[in-house]
Each structure stands twice: as structure tokens, then as C-alpha cells.
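Here are my notes for you to read alongside the model. Keep the structure open while you go through them.

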Amino acid sequence: MNMMASDHWSALHRQLDALAEQLQRSDTQTPEQQADALAARSLQWAQSPGAACDATQEVLAFTLGDEIYALALPHIDAVIPLKQLTPLPGTPPFVRGIVNARGRVVSVLDLRVLFALPPRGLADRNHLVILRNTAMEFGLLADRILGVQMLAPNTLQTEQAGLSGLRRNLLQGISPQQWQVLDGDRLLNEPSLVVDDYD
Amino acid sequence: MPIDRAALMQRLMASFQEEAAERLAILESELLRWQADAPEPDSLEAVFREVHSLKGATRAVGLHEPEQICHAWEAVLQEIRQGKRAFLPAMVTGFQAALQFLKRCHAGEALSAGQFRQAMDLLAQTTVAPHPASASPIVATPTVAAVETTPPAPHAPAATLAERPATWRGQTLRVRAEQGEQLAYYGEALRQHRMTAHNLHRRSHGLQADFQRLWQRRLRHEGLLSRLRSQLAQGQMPEQEALRSLLEWQDWSLDLLATMQVESHGLRQACQALDRDMGSLSEAYTRTVDELLLLPCRSMLDELPAMVGELAAQTGKQAELLLPQTGLQVDKRILDALRTPLMHLLRNALDHGIEPPAVRAANGKPALGRLQILLHQTSASHFSLTLTDDGGGIDRHKLQQKAEETGLLAAGSPALPDAQLLPLVFESGITTSSLLTTLSGRGEGLAIVREAMEQLGGSISVDSTPGQGCRFTLQLPLSRSTFRVMLVRLGEQRFAIPAHAVGRALRLPLTALHRQESGDSVMLDGLSLPLRPLAQVLALAPSGSEPVMLNLLLLGSGEQQIALLVDELLGDQEITLKPLGRQLRRVRNLLGATVLGDGSLVPVLHPQDLYRSCLQAHGPWQARPREEQPRRQARILVVDDSFTSRGLLRALLETAGYAVQTANDGLEAWNTLRQHPFDLLVSDIEMPRMDGFTLTARLRADPNLAKLPVVLVTALHTAEDKARGLEVGANAYLVKGGLETDTVLAAVNRLL
């Protein structure tokens, strides 16, 4: 108890000392130094629009087995209920089949197979999150859709021990609430996901 | 200011490009009909109008030479139109020259002054014969020297014909006024149906509300009901009031139910009508759009000769391409998809087929190599395109050697006959050219061509005479929508196989299966065909059920056939092929997918891949071990007084591999049976002279024939008849109404 109280006190003293030092310094700054500082600050603020966009992003969160995944909205074309999945012979195991999504044939991928996760948790795959850009389109299996949330990328933990290969490549990071935030761009551009059996 | 002028010019050029494309297409299709006879007045008018408008357009954008061509052409047409000059078939050459010049200008080619003069001369010649005096002054136009040809779009430098992407400019369609009206009419009908659907939605909503009222009333009476129940349980007299409101409720419910019944009936009828109307509308609409998308084949072919000349020059060879005079019209989507494969084939012919001039001279051929395209409509739904060249043909020895090197054939195989050897050129990795040139030769070209043909629901074959050339024949549907497939079932899944790849679909008894060390096979038409379960070829889990019959699809032809075993044949159907999506660019054994009428997606299998996979799938078929069947063909006597039934049974049993003889009635059968040995009798019951019961009874009484298995097939099906049939000694009793091939064959199989 005493120990902690004294820790707090010493921290406060250090902060006060630092402030006093700063005040001292600002008094001794020449006008040029002040102008430089202001200019530097203006520059920093001038860059803020880009930084602000990065500051938060809207993500769709969904569950799959034991895990919760999140994906930035701009990459998502649609979320549809999954019915009538047609399995295909001869595809890699992560391709679960194809569905008819508004007249287009869209392939269905299973992240759990892709990330080689053990089959655990409730299997209740009843949604499809469709990712799309000009060159690529596929659907990701999802159990439950949790909704759209704001997420700040700078709060993501990007280095995580024990992640390997594809998974590390395709994850943007882990959010504070332990969501696995997927990198939509990399998912859509990952060459190993494309099936092209040309011989 | 100059920047604005440039921007204006650019916009002007863009709209000119589009307009010219349209007008040139019209001129082209009209001129085609002028070849044979004098043009109809309508056609003449149309051409005159187009040429005149084109002249105006070229002047607007400052294309002098095309303008002059148009002007000269217009002048000739004007004279014909006014009757000052008679139409001569020879004139068409000049008109064609003018058209070709304009088309090439439009395509952005830089044309020399010589080419311009040539076109002008040809046009001028049309006026020479009857009126030599009026030789137009245009011929000597001095501006020719200043070669200021078509300024192509500023950003597009002179791309050569061969390099341009596989689309052609001016992607416009000609829509006849009736077609436009037709489409507008469909739009109206669709809006009408939409209103009907909206109304239906409203009515079904009302029906649902009525149900809601029923339920609510029921809930409201919950108290009343429980009161009555307890009164009854305690043996009390129920309250009058409660009973009255119960009855009132009952009447109310009945009224409401009656209304609801009428409404639901009406709804069902309205839905049915809407379903029917929408069905016919969607079909009519598809038909009109398909018609709309028909384009003359020439629209794609016309730019090929120039490309051939250019490519030949690159390889130091000389070649010309001859095109057919044809008015054949083909779906634009097919033509679009055909262009790239056709370029591949032409490149291939120039690169590997046509020899250098020196070699040709040594072989006594003219230096100018000749490629020819022929078009021919082969049926209501298909056409063929043949491309012949008079080059060296395919070197069989080299091809076989190459096939052995790449592992397609076992090393040291005996020389294959042409029918088996030549198709190998379509395998990837095969090229008989030892050089990799810039044009072709990486050994992928023909494999890609075949792939493209199959995507379109067509096929390709090759034929070659050593030293004299090579012929590729492409079979293609006229329209995108005609794609027939066989549907089959494997376990819980359905698959479609392009019908053109399936030689036959048939059912054989299990006895037709021969199991050997090297793999299973079936005997058919004297050939032993390898048999592969489709499930195994596709690496699917084998279905648990044991087959009663072998449901087979034959792939390939002649001795190259393979029998594919499936669980069930579901018949054939017209489909539209869809790609598998962007992530699945190509999956082995799959061509695409299709949506069936019930909305389900079904994978469409890839015939060539299947064939290859079959050759790789060697494992034995996991079938239940059966006691060895006698190899001798079983003999069956079929007795029926109806010619049709007799024929049906005969066909059925013969297909299943039995030797069948027939008799018209019981007596004839009795006599036949005593003279010849049979293994089984299939007999009708009601017959003149001697019926089936009597015949069976007689057989059972005869010491030699008592053991003969008898299957009675009949229209009688009372329990007594059945009992009687079994009483007289029949082994099986089948009712004709259910004369399903399965039951008869199953019974016969069981008894033999």
C-alpha cells in the first residue's frame, strides 16, 4: 500500500518537473524557433486528412466456429444467406463449392480450412460474405453476422506469435476485443487462392 | 484555344468512328446481296443513302481521301438510281474495293497513295463501259500526293492488325424497327406482369391477415373455452351465454374460412396464370434477343486477309486468305469468342503449315500459299467452319515422337493410325515445329483452341494430307443458348455432361460387366470397352448403394470409347453455361456450371478432361463380388400378341445383352419351345389360341420344360390373377401398367 502510494507520488513529481522544464524552454525560445515549431505543426496538421481516414474504419464482424473475424466494408459486395451449396469435385479443400448469387456463380471459401484451424465450435454456416473487386470475387463462409462496427487500425496488434504463412499474410491484425481483422485487399489478391488447373 | 479545338476534334472523331462503323456494316451486308443479281430498288436506295451520309461524315472530320472515294461511289450510284446507267455485276468489284478501302481507313490503317489510287481506279472502271465520255474528273485529283490519311485516335499509334485486341471497333448492333417494337412490347408485358405480381402479393397479404384474425379470435375465446371445459368436467350445466358465443364464433369462423378458401383458390389460379405468362414472355424475349444478336459472319472474317498478309510477311512467306461469300448469320457472342481461336489457327497455319517460298517452289507449288475458310450451316442449330491450307501438312513421325517425349504415348509405341494420332496435336505441350517463333510454337495454341471450342459447346477436328496441307474443322452452335447436356446422378449430386461428347447413354445388366486384372470392361457391339465409375474419375466417395443395372455413358468414338458408370441417367436438357466464378478460373474435369429450372446449380463436366482422367483412373471398381455368370448369351423367348409390346420387350432384352426370339401366341410359343432350347420365357397372359396361364401350366407338366423360368407380363392385375399365375407355376408376375424397364430386367436377371 505504502509502496504504491509513494510510486504515484514520485510519478507526479517527475511530471511536474518535466512541465516546469518545458515552460522554461518556451520562455527561452527565439521567435525563429517558435516559427519553426509552428510551421512543423502546420505541416503535421496538413497531413491529417489521410491520417484521419486511417484512423477508423467500418468493419463487418462475423463468427466462424470459435473465432470472430472482421473485414473492412469497402471489400464486401454483399452478405447473403447461404442456401443450396453445390460442392465441386477436384477443388482444393478450402473451396466448399459454388452458389448462385443473383444470377452469378460465386465460389465459397472456408477460412477455417484455409487457416488450417482445428474443426471446433458450432458448425452453423448459414451466411456468405461476398468479397469482390474488378478481378476477383468469392464468398467466405460465416456462422453469424455480428454487424458493422468502427475499428481503429492503430489499435490492432499486428505482430502475433504463432501465426504462420497464409494466415499471417491475410490478417491485418488482432483487435483489442480479440477479433481477427482480415486484410480484404490481400485476400482478393492472394494468388494461391486462385484455382487454375491449366496443364 | 488550340487545346479546345483538339478536344473538339477528338470528340468529333469518336462519334465519327461509331457512325462509320454502323454505316460500313450496313453497306457490307447490302453489297453481299449484290453479288449475284441486280440490287433491289430498296437496297440501292439504302446503299446510296449510306454512301452519301458517309461522305458528309468524312468531310466533317476532314478525311479527304475517304471523302473522295465516297464522292466517286455516290456519283456512280446516282446514275444507276436515275436510270442513266444500267447495273452490271462487274461494278460490284469496284464497290467492294471502295468499301474495303473505307473499312481499312476506319480501322486506323495508314494507307498509301497507291492503295487510294487503286481503289479510285477500280471505282472509275465501273463507269467506263457504257459512258466512256463521262469518266469522272475525280480520278485525277491532285491532292493524292499529300498522303494525309486517316488521323487515327491520337492515343492509338499505328497498331498493326495482328496486334489489336480481340474485339472489333464500333460495337454496335443493327436493330430492325420491328425488333425494337417487339422489345418495347415485352417491356410493357413485363410491366403488366409486375402489376399482377404486386396484386398477388397484396392478396396473399390479405389472406395472411385473415389467418391472423382466426388466431386472434381463438385466443380471445381461450377463457370461454376453459370455463366450458371445467363446467363439463364437473358435470355442471354449461352457461347459456357461453354456448351462444361459442356458436356465434363458430359461425363467424365458418364464414371467414369460406371466404379464405375462395381467395386461396383464386390466388392459386392467378399464380398459375402468371407463371404461364411469365414463362412464355421470357421465352419470347430470349428468342428476340438471340435474333438481335445474330451478325453476319463476314463482319468477323473480313479483316483476316489483311492480317494474314501481314503475318506472312513477318515470317518471310507469302500467303493469301480466301473467304467464302456467305450470308450466314451467327450469334455475336459466338463470333466474339471465335475470333481469338481463329487467329491462333491462322498463325499456326502460317508458321507451321505454309512453307517458305523456296521450299514450295521445290515441291512444285506456287510461291503464294493459300489459306481458305469455308462456312457451312450443318443443321438448324450448328454450323461448321473449315480452315484449309496447302502447306506441308502434319509430320506424323515427328508428332508421334513428340507425343512419346511428352509422355502422351508410351515410348516405342507402334505407329498409330491417323484417327488416333492426329487428335494429339490438341494436347498441350505438343508442337511439331522445332522452332519457337514469335507467332506461335509454344505448343499451347491448339490446346487453347480446343478449350475455347468446348467452352462454346463446339468441337474441333483435324485432317491432314502429307505434303498437301491440313484442314481444321470447327463445329459450333449458331446461338449461345443452344447447349445440350445429359444430366446424371452420382450419389446425392447431379452433374451435366455436354451431349455432343456423349456417344450413347445406355443401361446394361450387371452381367455385361467383365472384371479383369487390368480394370473393368463391358462388351458392347463386339467391342470390349474400359469401364470407369464417374465417382472414381472425379475422386468422389463411392455411393454406397449396389447397382441393379449399369447406367453407362459412352465417351469418345470407335475403339477410343470409354464407358462411364453413373448411378442414374436423368435425361437431356438445354442449358446456358456459366463460368464457375473468378476464383475458380479452371478446375480439372469441369467446364462450368448451369442453373436448372428448380434453381439449383449443377456442375457441367469437361469431356476432354474426363477422357484424360478416365485413362488415369485405373483402380478396380468396388462392386459386390458376384458369382461368375455363364459366358454364353442367354436365350429368351418373348410371347405377346401385340406387335408393339413384343417389339418393346425384344428391344429391351436385346439391349441388355440377351438373344431374343419372339412368338405371336401361346400355341406358337409352345411349338417353338419344344423345338429349340431357351433359358427363359417372357409371356403375355391374354392371347388368342392359348393364353399365358395355359402355356405355363403346360410347360410345368412337360418333363423337359418344367424347369424353364417363366415371367408373366400382363395387363390383368387383380390379386386373383396374380395368385393364379403363381399357382400355374410362373416364377414372376409383372403388371404391364408398370412395365418399367427396371422391373422386367431385374426379374429376368434374377431368374437367370
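The points below take chain A as a whole, then a few places in chain B.

1. First, a word on confidence. This is a predicted model, and chain A comes out with a mean pLDDT of 81. In that chain, 83% of the residues reach 70 or more.

2. One stretch of chain A deserves a caution. Over residues 48-53 of chain A the pLDDT is below 50, and beyond near neighbours in sequence this stretch makes 0 contacts in the model. Where pLDDT is low, the predicted coordinates should not be read in detail.

3. What is chain A built from? Its secondary structure comes to 6 helices and 11 strands. Chain A has 199 residues, and 37% of them are buried. If you take the contacts in chain A between residues at least 6 apart in sequence, 57% of these join residues at least 24 apart. As for its surface, chain A exposes about 12000 Å², with carbon and sulfur atoms supplying 55% of that.

4. An unreviewed UniProt entry places the feature "modified residue: Phosphohistidine" at His52(B). In the model, His52(B) sits in helix H2 of chain B, which covers residues 41-60. Is His52(B) buried, exposed or partly exposed? Its relative accessibility is 41%, so His52(B) counts as partly exposed, since that class lies between the 20% and 50% cut-offs.

5. Helix H5 of chain B (residues 113-125) passes a simple length check. Its 13 residues, at 1.5 Å a residue, should span 18 Å, and the end C-alpha atoms are 18 Å apart, so the two agree.

6. Which residues of H5(B) are buried? They are Ala113(B), Phe116(B), Ala119(B), Met120(B), Leu123(B) and Ala124(B). Looking down the axis of H5(B), these buried residues fall within an arc of 140°, so they line one face of the helix. Gln118(B) and Gln125(B), on the other side of H5(B), are exposed. The cover over the buried residues of H5(B) includes helix H3 (64-81) and helix H4 (91-106) of chain B.

7. Last, have a look at Thr386(B), which lies in strand E5 of chain B (residues 382-389). Thr386(B) counts as buried because its relative accessibility is 15%, and the cut-off for buried is under 20%. Leaving out residues up to four places away in sequence, Thr386(B) touches Gln372(B), Ile373(B) and Leu374(B), along with Arg471(B), Phe472(B) and Thr473(B).

Note on methods. Residues numbered from 1 in each chain as written. Chains lettered and ligands numbered in written order. Predicted model: local features only at pLDDT ≥ 70, side-chain atom pairs only at ≥ 80, totals over all residues. Heavy atoms only, no water. pLDDT = per-residue confidence, 0-100. Contact = heavy atoms within 4.5 Å. Helix = DSSP H or I, 4+ residues; strand = E, 2+ residues; numbered from the N terminus. Buried < 20%, exposed > 50% of the residue type's maximum accessible area, 1.4 Å probe, protein only. Areas by Shrake-Rupley, 256 points an atom, 1.4 Å probe, with all protein chains shown as cover. UniProt positions renumbered as here; feature names shortened; annotations may be inferred. Expected span 1.5 Å × (residues − 1). Arc of directions from axis to C-beta.
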